[in-house]
Structures are given as C-alpha cells and as structure tokens.
Amino acid sequence: MSQKYLTADKSRRSLLGSLSDTNLLMSITIIVFFAMYLFAVFALGSGFQKAQTFFNILNANAALIILSCGMTLVMITGGIDISVGGMAALVSMCSAVYLDMHSGSVIGAMLISLGIGLAFGLVQGYLIAYLDIQPFIVTLAGMFFARGMTTIVNTKPFNVQNEAFVKLKETRIIIPGLGSYNKRGEYIDAYIEIGVIVALIVVAALFVFLKWTKTGRNFYAVGGNKQSALMLGINVKRTTFLAYLMCGILGGIGGFVYFMHVGSGSATHAAGAEMNAIASSIIGGTMLTGGVGNIIGTLFGVLSLALIQNIVSSIGLDQAWWTGITNASMLCIFLIVQSVIIARRKKANLSSSRPAEVKGAKK
Amino acid sequence: MQDRSLLEMRGINKSFPGVMALRNVDFTLREGEIHALMGENGAGKSTLIKVLTGVHIKDSGDIFIKGHNVPVHIHSPQEAQNLGISTVYQEISLCPNLSVAENIFIGRGKGATVNWREMNRKADELLSSLDIGVKANQQLASCSIAVQQMVAIARAVDMECSVLILDEPTSSLDESEVAKLFKLMRDLKARGVGIIFVTHFLDQVYEVCDRITVLRDGQLVGEYEIEKLPRVQLVSKMLGKELDDMADIKNDSPSFNETKNEIVYEAENLCSSEGIKPFNFRIRKGEVNGFTGLLGSGRSECVRAIFGADKVTSGTVWVDGKQVNISKPIDAMKNGIAYLAEDRKRDGIVGDLSVRDNIILALQVKKGFFRPFSKAQATKFADEYIKLLDIKTASVNTPIKSLSGGNQQKVILGRWLLTHPKYLILDEPTRGIDVGTKVDIQKLVLKLASEGMSITFISSETDEMLRTCSRLLVMRDRKLVGELKGDQLTQNTIMNTIAGGEQN
Amino acid sequence: MNSASKSNTSSSIISAMFRNQIFIPLAALLILAVFNLIMDPSFFKVTLGHNSNGDPILSGNIISIIDCGSELAILAIGMTLVTAASRGQDISVGAAIAIGGSVVLRVLCGTNSRPDEIQAPIIVAFLVCCLVTMACGAFNGILVSIFKIQPMVATLILFTAGRSIAAWINNNELPEVRDATFSYFGGLIPGIPIPTPFFIAIACFILIFLVLKFTTLGLYVQSVGINEQTSRLNGLNPAFIKFITYVILGLCVAVASLIKVSRLGSINYSVIAKDIEMDAILAVALGGNALGGGKFNISASILGAYVIQFLTTTLYKFQVQSDALPAYKAVVVIALVVLSAPIVREKIASLFKKFRPQGAELKS
C-alpha cells in the first residue's frame with residue numbers, strides 16, 4: 001500500500017467513520033432543520049419569529065410524532081408498519097362514537113384506544129414474527145381493515161360534544177414569557193396542547209428505552225443482522241414481536257392524541273399519516289434496511305416535514321398539492337442519500353487496506 | 001464420560017432434506033487441548049459445530065458436557081452460551097451497526113439496562129489486553145474484516161467459557177494477527193479451556209493443535225494425536241485415499257500433445273475483485289486441465305474470473321488468438337465459454353422452473369430476447385439432453401428442484417452443452433452426487449475432449465482429476481503455486497504440492 | 001407424460017387440479033357464484049335495454065363485473081410481472097392512474113378547462129399519457145433496480161406524491177371533456193351493447209400473450225425472480241429486467257387511466273382509482289402467484305382480478321358501503337397470506353402426515 005493511499009484513507013475515515021451511521025444521518029437532519037428554521041426566520045420574517053408558530057407545529061403534529069416513534073421502532077428492527085394511519089382513524093372514530101353515542105367517559109375512551117392499538121399490535125406482530133409473513137403485506141391489510149372498520153363503526157363524520165372531553169381537548173398549557181402581541185397590541189400567551197406533553201413523554205421514554213435497555217439494543221441487533229443476532233444469543237422472534245406490539249400500542253396512543261387535537265371522528269382522518277410517519281422516520285435517519293435509527297432524529301424528521309410545509313405555503317405555494325409533492329421529494333432525496341451512503345460504506349470496507357485501518361483506528 | 005473430557009458427542013446424526021449431513025459422528029474434547037476439526041467441503045464440520053451451538057437441532061445422538069450428569073439438549077445459541085460454549089463463526093456473526101463494545105456484550109449477562117460507561121471500560125480493557133487496535137465505542141462496520149474477526153474472538157474469550165469453538169477464524173487475519181490469536185489460544189489452553197479449531201491452513205494446525213479429528217462425507221474418519229499424523233497422511237485422510245492405495249493407482253491420465261493443437265483461451269495477469277493473486281492461464285483445443293488445491297485456495301475464484309462471474313479487475317484475454325473483453329457472463333458465453341458453477345443451489349438451478357426451461361435457459365439468453373424457442377423446439381432440446389445424459393425426471397415439465405442432486409447437476413450440464421461451447425468450465429461438478437453419476441460425468445468429460453472441446457475441471461477428489469486431466473494447476477493461499485503434468489501427475493506429488501512442498 | 005396421464009386415477013387428477021395455479025381463482029369464483037345463486041338467483045339476470053340515445057345496452061351484475069373489472073385486470077398483468085421479477089409490489093398504481101388520467105384530460109382540454117371541442121386527437125393524448133406513466137414506472141424501476149430500495153418503499157414516493165402531481169398538472173381545476181368519441185372508451189360504442197372497456201381489456205390480454213409467446217420475457221422474468229445469481233451467470237442482466245417490468249406496468253397504467261377518465265369525462269384527483277393497488281396485489285395473490293416473486297401465471301391473475309370485482313359487486317349488492325369494502329378484502333388477504341406462508345404450510349403438511357397412517361389403518 002502506498003503512502004498516498006494511506007493518508008487518503010485516513011482522512012475519509014475521520015470524517016465519515018468517526019460518526020456511527022445513526023448519528024451521521026441524524027446530524028444531517030438536525031442541521032437541515034435548523035438551517036431551514038433560520039432561513040424561515042430571516043427570509044420569511046414575521047410569522048416565524050413568534051414562538052407560537054413553533055408551538056403550533058408541535059400542536060398539529062403531536063400525534064404524528066407518536067405514530068412516527070412507533071414506526072421508527074419497527075423500522076429499526078428492519079420492518080415496516082403502514083397500518084398506523086388507519087389505526088389512528090379507527091381509534092378516533094371508536095372514541096368519538098363511545099363518547100357521544102354511548103355517553104362514555106374519557107378514561108373509557110382512552111382504554112378503548114389502547115385496546116385497539118394492542119389488538120393490532122398483537123395480531124400483526126404474531127403474523128410477522130412467528131409466521132414469518134412479509135410485514136408490508138400484513139400491515140397493508142391492517143391499514144385497509146382499519147379504514148374499512150372505521151366506516152363500519154360509523155359512516156358520517158361528526159364532532160364530539162361530550163363535555164368532559166371538550167374540556168380536555170381545549171386545555172391549553174401556557175408557556176410563560178414566550179407570548180406575543182397581536183395586531184391590536186394585546187398580549188397573547190404561547191401555549192401547547194396536552195397531546196404535545198404526551199408526545200414528548202413518549203419521545204423521552206423511547207429514547208431511554210432504545211439507548212439504555214437491553215431489549216432496546218436488541219432491536220438494533222435484530223435490524224442490523226437477523227442471523228448474527230440469533231448467533232449472539234438474542235431471541236429474534238420475540239424481539240420482532242415486541243417491536244410490532246409497541247408500535248401498535250403507540251398507534252393507539254397516537255390515535256387518541258390525534259382525536260384530542262381534532263375532536264371528531266371521520267373515516268378520512270389521518271389520511272396518509274402512515275406515509276408521513278415513514279417519511280419522518282427516514283428523514284430522521286432511520287434506515288429502511290434496519291439497525292439504524294434514533295427517536296430524537298424522528299422527532300426532528302416530523303418537525304422538518306411540518307416546517308417545510310409551512311415554509312412552502314408561506315412563500316405562496318399554498319395549493320393543496322404542494323404538501324404531497326414536498327413530502328415525496330423529501331422522502332425521495334433522503335432515500336437516495338441513504339442508498340448512496342450504504343453503497344459507499346460497503347465499498348470503503350471492501351477496498352480499505354488492513355494496515356491503514358488499524359493505524360487509523362489506533363491513532 | 002472420561003475424567004478429562006469437557007465435551008463428548010456420541011452418535012450424532014443430522015439430515016437435511018435430501019442429504020445426510022452427519023452420520024453417527026463421535027467427537028471428544030478434553031480439558032486444556034486444542035483440537036483441530038478437519039475435512040474437505042461438505043465433510044460436515046460446520047454442521048457438527050452448528051449442532052453443538054444449537055443453530056441446528058440434531059436428529060439423534062447424545063451430547064455430554066462436564067458438570068452435567070445427563071445428556072444436554074441444545075436448542076438455541078443462547079442455551080449453548082449458558083452451557084459455557086462460545087463460538088466464533090466462519091462468517092462474522094456480529095452486528096455491523098452496533099459499536100464494538102456492544103457486539104462484545106449484547107445478548108449476555110443479567111439485568112435489563114445497559115451501563116454504557118461500564119461496558120465501554122470493560123471492553124477497552126479486554127481489547128487492550130488482547131492487543132486489538134480499536135476503540136470500544138467505534139462502530140463495528142468501520143473496522144476492517146480482520147478487526148471484526150478479532151472482536152468476535154474477544155467476545156467469545158470473554159464469556160468465561162469452558163469450550164471455545166473457532167470456525168475458520170484465521171481466513172481474514174494477517175500473520176501478526178494469527179500469531180496474536182495463537183498466543184491467546186495457548187493462554188486459554190493453559191487455563192484448561194478446550195478449543196475446537198477449524199481451519200483449512202495445514203501449517204496452522206501443526207503449529208497449535210494437540211489432536212485432530214477428521215471428518216469425510218459426514219462420517220468420522222478418526223481421531224489422531226498430532227505427532228502421529230504426518231501432514232501428507234492428514235491430506236490423504238481428508239481426501240479419502242490411503243497412501244498405500246495411492247501407489248497402486250495406475251496413472252492412466254490421457255495423453256495429450258501439448259503443442260499440436262491451437263490455443264483456445266489465454267489470459268495474462270487475470271485478477272478479480274475476490275482477492276486472488278493475478279495469474280496466467282491458457283488452454284488448447286481438446287485439452288482437459290484442472291485447478292486443484294484445498295477449499296479456499298482460490299481455485300473457484302480463478303475460473304469465475306475467466307468467465308467474468310466476479311468483477312474482473314485486470315488482465316488481458318485472448319480467445320482463438322483474438323483479444324477480447326470479458327467483463328460479464330454474457331461476454332464469455334458469446335465467446336463460446338460455458339461455466340458450471342460450484343454452488344449448484346445458489347448459482348446453478350432456477351429451482352421453480354421446469355427441467356425444460358432450465359436446460360434451454362443459457363442458449364435462449366445467447367440467442368436473444370426476440371427469438372424465443374417454441375415449446376416444441378425447447379422440448380426437443382430437453383428430450384435430447386435428458387436422453388444423452390440419462391437424466392431421471394418424470395417429465396420435461398417437472399420443476400428442477402424436485403430432482404435429486406445428481407440429476408439436477410446433469411440438467412445444468414445439459415444446459416451448458418446445449419450452447420455448444422468451445423471451452424467448458426466445470427467447477428466441482430461431482431460434489432454431493434452419487435457414484436454412478438460421478439463416473440458418468442467423468443466419462444462425458446473425456447468424450448467431449450476427444451471431440452475437440454477444451455475443458456477445465458475442478459474437483460475436491462484428486463483421483464477424479466487424475467483420471468480426467470492432462471495438466472493440473474495447483475493453488476495455495478489464493479495463489480497459483482505450481483503446474484503439474486505428465487509423470488508428475490500422481491497423488492503423492494499433488495498432495496505434496498498442496499501441503500506446501502514438504503516431504504513427509 | 002402420456003403413459004402417466006393414462007394411468008391417472010381420479011384422485012391424481014384432482015390433486016393435479018389442486019396443484020394448478022388457476023384452481024384457486026376458479027374455486028373462489030365458483031364459491032362466489034354459488035353463494036349468489038343461493039342468496040338471490042336474479043343476481044345473474046342480464047337484460048337488453050336502450051340508453052337515452054336509443055343505442056342497445058346490456059345491463060346486469062355480470063355485465064357490470066366485466067365492465068368495471070377491466071382496469072383491474074389490465075393492472076393485474078403488469079403487477080404480476082413486477083411481483084415475479086422484483087419480489088415486491090408497486091403500490092403507486094392508483095396514484096399513477098391519477099397522473100395518467102390528468103395528463104389525458106390536460107392534453108384534450110388544452111388551456112381551457114372545459115372546451116366545447118377536444119383540442120387534440122385522442123390518440124395523441126393517449127400517447128402522451130403512455131409516456132408519462134411509463135416514466136413513472138421507470139422512476140420506480142430505477143429506485144428498485146439501481147438503488148436497491150425495497151419495491152414497496154420505493155413506490156411509496158410516487159404513492160405519496162402521485163395525486164398531488166395529478167392535481168398540479170391541471171392546476172387543481174376539474175377539466176371536463178364532453179366528446180362523444182372520447183366517452184366510447186369507458187362506455188359504449190353505438191350499436192354494440194357490451195361495454196368497451198371489456199374489449200380493451202381483451203385486446204391487452206391478447207397483446208401480453210403475444211409478447212409472452214414471441215419474446216422470452218416470461219422466462220427471463222421468472223428466472224430473475226427465482227434466482228438472481230443464476231440468472232446473472234446465464235448472461236441475463238437482472239437489474240434491467242426488473243426495470244423493464246416496471247415500465248410495462250406503466251403502460252398498463254396508461255390504458256387503465258384512459259378508461260377511468262373516459263368513464264366520467266372528468267377526474268377527481270383524490271378518489272380516482274382509490275385503493276386499486278390493493279385490489280391489483282390481491283388479484284396477483286388470488287391468482288396463486290407467490291408475492292415473494294418467481295413463477296407467475298398471468299391468466300390466473302386476470303381471473304383473480306375478475307373474482308375481486310365479483311366480490312366487490314356482491315358486497316355492494318348486500319348494501320356494504322364502498323368505504324367499508326377494504327375491511328372485508330383485508331380479511332381475505334390475511335387469510336390468503338396466512339395459508340400460503342411456508343411455516344403454516346409445513347404445519348399443515350405435518351398434521352396431514354400424522355393423520356394419514358391412522359386413516360390407512362382404519363381402512364384396512
């Protein structure tokens with residue numbers, strides 16, 4: 001090996017190699033997010049300077065954050081779950097019907113939501129982990145089942161009138177000191193909804209789970225290489241099952257948070273939420289092939305998607321179709337970036353010379 | 001169970017659909033010994049190890065482990081770990097997306113949480129004690145294959161095991177790393193750990209091992225102390241020929257006049273991405289030659305480079321005296337080269353397709369997209385080769401996967417003969433098939449050669465090579481190390497060349 | 001072969017029938033037909049009437065099945081090839097139909113969204129539509145074959161963007177084409193009482209069978225789907241073959257979108273061809289084709305598509321709302337994949353093995 005090759009190898013390694021795949025992809029997203037936000041604040045002005053604009057993004061996307069977290073879990077194990085959007089719609093509709101037509105309690109509605117999520121998680125997890133059926137097919141069927149069931153439960157969309165629920169829905173948590181003045185000069189407090197608190201708790205809990213529990217690390221191992229994980233003494237089937245189970249439960253929670261935000265039941269609720277969740281996870285640095293991903297990245301993935309939609313609409317492209325096109329382009333770009341990164345890493349590993357690497361590692 | 005035994009396996013049987021992988025195999029490992037498990041490809045070494053580590057479940061037989069009064073049943077790698085058996089596999093069985101430290105500690109120990117600082121500290125200690133130059137928090141994928149292998153070894157060593165299995169750990173290590181590994185093995189041996197060592201490198205066996213168990217065709221050949229089994233004898237036991245018998249084999253290799261016929265294929269400095277050293281090669285019309293060498297010596301990689309099956313990185317190639325560019329299989333096919341691949345299941349058959357489609361596939365691709373054979377024409381071709389090669393199949397419509405191994409191989413052979421190649425490469429055409437078919441194939445090779453086809457023949461069975469080839473190219477450690485012809489074509493010279501030129 | 005068939009006992013004929021792929025959709029069709037026959041024999045009634053223009057028209061459930069099932073059957077052709085070669089499915093076909101339909105209307109309407117006369121010949125509109133949908137297919141194909149992204153995820157991009165792109169092509173306006181000739185494609189040609197889509201579908205079937213007969217597409221696609229490594233060693237270019245199947249699916253989408261927009265003379269971006277990807281995948285599965293790729297049988301897929309339309313029509317007849325249909329179909333899909341899962345099959349086979357010797361003893 002020539003000296004020239006050695007140094008070239010070393011410099012590339014210190015750039016790319018010092019970061020793990022997870023951190024590299026996540027850093028890209030976080031940087032992109034802040035760059036976009038700065039751009040928005042300085043170039044687009046007024047709206048983005050208010051703290052409430054940011055909180056509104058959170059309020060509107062709390063449910064999506066929770067759903068995306070579930071998606072990230074299964075994607076880390078190398079799977080996918082596209083039933084989360086349908087689940088959210090079914091959960092909203094069931095809760096709405098229970099609250100209004102059966103005059104049920106809010107707690108009861110929450111339990112129903114969790115129960116639906118649990119049921120989906122159990123069935124889908126069993127089919128995928130223990131019967132070894134393709135996750136995409138199983139959850140595609142799950143999505144259509146959920147959407148169909150939503151219509152069967154109740155056809156017409158309606159707003160929930162239940163007092164206890166409306167009170168809960170309209171609870172606003174005031175953030176002191178970050179309010180702003182409206183056109184008439186009145187001070188308006190900045191606020192977030194309860195759903196945001198739930199979402200942040202979920203993010204924190206899952207972050208801890210993935211980072212500091214053995215089960216969480218097993219998720220990564222299974223996604224990294226199923227066969228190896230088995231050889232390393234991990235119960236692969238149980239781990240996979242658990243991922244879908246957790247995703248199902250999070251689908252239930254996310255569905256309820258969505259319901260708290262919109263306060264109505266409808267078969268068209270959360271349309272395309274699964275695609276947004278997948279896109280958010282991918283943008284947040286979760287690799288489709290599994291084994292790479294981070295909850296914090298997912299959080300920023302959701303925020304980036306929401307932010308870019310806000311930016312697109314505030315620069316005048318406010319027609320409905322821009323949402324779909326921006327989402328898809330973001331997804332496409334990040335997918336290709338991932339694909340290229342994987343290919344380059346593979347190549348680098350194959351061609352790198354042994355002595356050069358040992359030296360690089362030792363330095 | 002004997003006093004000093006750590007592990008005893010008695011009468012182990014294991015079959016896979018269509019194959020009896022292990023037949024009544026015994027194996028004993030004693031305290032503080034390094035025990036080599038030897039055998040050619042398909043001998044059952046890997047299967048035996050996977051039975052021991054719970055990856056495969058044995059069909060019958062008993063496994064005794066020291067400290068357990070009754071035979072143990074191992075159903076998963078986790079259970080094997082708990083019994084004190086730790087393993088380093090041939091293919092690296094670690095997760096590339098995790099850090100080095102995690103790969104050492106995942107799936108082990110009690111408790112539900114991960115203490116990163118403690119884990120990294122322990123891992124760093126372990127790595128430095130083994131003199132492995134990586135940091136514990138580095139991502140495994142960013143390490144070289146050799147370092148990854150050392151990490152796998154570190155994990156296995158750290159597990160407080162009584163039995164350590166090393167399944168070809170050295171294939172990706174360089175000399176200094178191998179030396180490190182051997183020092184480690186001797187240390188462990190001194191502590192009373194029993195080590196099962198699988199390798200294809202004979203030097204290494206004689207450097208560290210105390211005892212050798214040889215397997216062949218899924219059966220136990222015998223257990224030997226290292227001093228009592230000279231190198232050439234070991235090779236002969238692995239290949240299944242007693243040295244005494246070998247003297248008796250008449251050298252009836254076909255006479256072939258080197259210079260009379262024109263050169264069909266010639267390559268200079270040919271090299272592929274699969275890590276072989278550049279080599280020169282040529283073959284004349286009607287010649288049968290062969291690549292020989294132990295498994296992993298690079299014999300398959302050479303012919304794959306000739307056919308363009310792997311990425312060709314350098315070399316100049318002439319076919320019939322004209323310089324040509326062969327970078328992918330279709331180029332080779334258009335130049336009249338055919339290649340029957342080593343791994344029939346992975347590279348040979350198209351399992352769900354019928355015998356007919358499997359036979360016409362290569363010729364069809366060569367003929368072109370818009371000129372399909374009619375069903376009648378295809379059936380005619382298929383019937384012709386079914387008859388010619390005596391393929392036993394219910395009909396031409398039978399899916400190839402339901403045929404026996406030997407008949408599958410004949411179908412693939414028929415596929416390539418149908419393209420009427422000038423130059424046919426056969427990589428292990430006789431592996432895992434019955435004796436009758438083996439003889440058929442050898443006869444066919446000689447017949448084809450007498451009709452003017454050039455053939456390169458690779459086989460793990462030396463007598464097959466001797467019977468068919470007029471010239472043998474010997475590979476060792478991915479390098480072409482010798483060429484034998486004429487009087488040199490005897491079992492003894494071949495074995496000596498393979499073993500490294502040392503006489504017993 | 002001959003001697004074997006001569007010596008066939010009745011049981012082996014039945015087992016051969018079971019093994020034939022076409023058996024599954026045929027059996028499903030039979031079950032549905034018998035079910036309808038028992039519930040309400042008038043389901044099969046076909047009447048000859050006249051429409052407002054005085055042209056003869058056949059009406060009845062059967063006619064509506066062969067009419068409405070056409071797009072699905074055409075898509076099933078392409079989906080079968082994609083499934084076989086790339087071992088995954090294209091979920092963007094519904095969105096691609098929206099794009100294709102939008103393009104057709106855009107070309108026909110020109111700048112005005114509701115012209116009195118069409119601004120370009122229909123054939124031009126169709127050709128442009130073909131180009132666009134084939135480009136969509138090529139986009140998916142490149143992601144799958146070159147970037148090696150799993151098919152379903154790669155096609156997710158177009159699935160997300162497709163309907164938005166369709167709206168964008170027409171500036172979100174709702175163009176309307178009131179041209180008699182244009183309505184023939186999705187309706188009736190005067191004097192012929194059978195809906196035109198059925199004939200278009202037949203034409204597509206004939207075309208694909210000719211292609212399969214006069215090219216080696218079928219062999220190549222199956223070979224790549226079953227064993228990519230072997231295919232490469234036999235001189236094929238697996239990436240290119242996968243790519244080609246996506247382009248062919250794009251062509252199928254073009255035909256389907258022409259029929260779809262011709263039916264209405266207009267387009268609703270979010271509703272047109274909704275959930276058709278699910279039905280197309282289901283048709284492939286119902287045709288007994290492995291969703292994991294490999295061997296395929298296009299006739300079985302086509303039959304599967306009509307079975308699904310049969311099921312849909314039956315459900316409609318029992319007052320099931322169109323939005324609730326997916327739930328029922330999802331149950332069918334899960335049942336199918338569970339039954340075809342290797343693990344389940346092995347279990348069933350071992351169950352049979354356990355019972356067979358006992359049965360033999362009982363007989364003796």
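Strand β18 of chain B, residues 471-476, is mostly covered, with 6 of its 6 residues buried. Here buried means that 20 or more other C-beta atoms lie within 10 Å of a residue's own, exposed means 12 or fewer, and partly exposed lies in between, with C-beta atoms placed from the backbone. Strands (E, at least two residues) and helices (H or I, at least four residues) are DSSP runs, numbered from the N terminus. This is a predicted model, in which local features need pLDDT of at least 70 and side-chain atom pairs count only at pLDDT 80 or more, while totals for chains, interfaces and linings use all residues. Residues are numbered from 1 along each chain as its sequence is written, and chains are lettered from A and ligands numbered from 1 in the order in which they are written.

In a regular strand the side chains alternate between the two faces of the sheet. In β18(B), R471(B), L473(B) and M475(B) point one way, L472(B), V474(B) and R476(B) point the other way, and all are buried.

What does β18(B) pair with? Strands are said to pair if DSSP finds at least two bridges between them. Strand β12 of chain B (residues 288-292) runs parallel to β18(B), with 4 bridges, and N289(B) has R471(B) as its bridge partner. Strand β19 of chain B (residues 479-485) is antiparallel to β18(B) and is joined to it by 6 bridges. There, R476(B) is the bridge partner of K479(B). The hairpin of β18(B) and β19(B) has 2 residues between the strands, and D477(B) takes a positive phi near 50° in it.

Chain B as a whole has 18 helices and 19 strands. Its radius of gyration, taken over C-alpha atoms, is 25 Å; this is close to the 23 Å from the globule rule for 504 residues, so chain B is as compact as a globular protein of that length. The globule rule is 2.2 Å times the number of residues to the power 0.38. Buried residues make up 51% of the 504 residues in chain B.

Chain B also touches chain C: 24 residues of chain B are in contact with 18 residues of chain C. Two residues are in contact if their C-beta atoms, placed from the backbone, lie within 7 Å. On the chain B side, α13(B) gives the largest share, 6 residues. The residues of this side divide into 15 nonpolar, 4 polar and 5 charged. Nonpolar covers Ala, Val, Leu, Ile, Met, Phe, Trp, Tyr, Cys and Pro, charged covers Asp, Glu, Lys and Arg, and polar covers the others, Gly among them.

Chain C in turn meets chain A, in a contact that takes 36 residues from chain C and 35 residues from chain A. The elements that give two or more residues to the chain C side are α7 (151-169), α15 (325-340) and α16 (342-363). The largest share, 12 residues, comes from α7(C).

Is α7(C) largely enclosed or open? Of its 19 residues, 18 are buried, so α7(C) is largely enclosed by the rest of the structure. At 1.5 Å a residue, its 19 residues should span 27 Å, and the end C-alpha atoms are 26 Å apart, which agrees. The expected span is 1.5 Å times one less than the number of residues. α7(C) bends by about 40° at A161(C), where the bend is the angle between axes fitted to the seven residues ending there and the seven starting there.
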